[in-house]
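Colleague: I would like to learn how to read a model of this kind, feature by feature. Could we take the general idea each time, and then the case at hand?

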Amino acid sequence: MRFTRKITAATLVAASFLITGCGQMNIGYVDGQRVMEESPQIKAVLEEGAKKAEEIRAEAETQLSNPDLSDEEKSKAQADIQRKIIGVNQAYAAQLKQKLDESLAGMCKEKEIDVVVDSSKDQPIILHGGIDLTDEVIKKLQ
């Protein structure tokens, strides 16, 4: 997964150089892990999603503990519960992506940044150069 991200980022940077005619290019990077851990807005979305998923699980336990349910009904109920949890996870993932995209789009326009990549400290993509936007993203997501 990390290797694929690095290849994708390298391809994106190379393509950007070709498109811009090898001119001046500004590359920014964000430590996505740190943003997820330190941004209050992101934490709120994550906590709300976890709470909603827990409510579904609690409802499921109540439903599945009914001794009158047949095996087929239990199986259908479990499948329905899984669909609900997947739906909740997808909805909150979309919210996270939207918040991050909005934050980065404004920052890129303001700082005239052409490309932003995710570069965590344990698996850096940008080894030298680039503009670290992590602190500013966290501030925007207060």
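Colleague: Where is E112 found?

Modeller: E112 is found in the loop between α4 and β2, where helices (H or I, at least four residues) and strands (E, at least two) are DSSP runs, numbered from the N terminus. Before we go on, please note that this is a predicted model, in which local features need pLDDT of at least 70 and side-chain atom pairs count only at pLDDT 80 or more, while totals for chains, interfaces and linings use all residues. Residues are numbered from 1 along each chain as its sequence is written, and side-chain values use heavy atoms, with hydrogens and water left out.

Colleague: Where is D31 found, and which residues does D31 touch?

Modeller: D31 is found in the loop between β1 (27-30) and α2 (32-38), and D31 counts as buried because its relative accessibility is 8%. A contact means heavy atoms within 4.5 Å; not counting residues up to four places away in sequence, D31 touches D118, S119, S120, K121 and T134.

Colleague: Which residues touch the most other members of the largest nonpolar core?

Modeller: A nonpolar core is a set of buried Ala, Val, Leu, Ile, Met, Phe, Trp, Tyr and Cys residues joined through side-chain atoms within 4.5 Å. In the largest one, which has 18 residues, V35, L133 and V137 touch the most other members. Two or more residues each come from α3 (40-64), α4 (71-111) and α5 (134-140), and α4 gives the largest share, seven residues. Apart from this core lies another, of five residues, among them M25, I27, Y29 and V117.

Colleague: How many residues of each class line the largest pocket?

Modeller: On a 1 Å grid over the protein atoms alone, a pocket is an open set of points where a 1.4 Å probe fits, with protein on both sides within 12 Å along at least five of seven lines, and lining residues have an atom within 4 Å of a point. The lining of the largest pocket has eight nonpolar, one polar and three charged residues, where Ala, Val, Leu, Ile, Met, Phe, Trp, Tyr, Cys and Pro count as nonpolar, Asp, Glu, Lys and Arg as charged, and the others, Gly among them, as polar. Lining residues include V30, V35, D101 and D118, and the largest share of the lining, four residues, comes from α4.

Methods
Buried means under 20% relative accessible area, exposed over 50%, partly exposed in between (1.4 Å probe, protein chains only).
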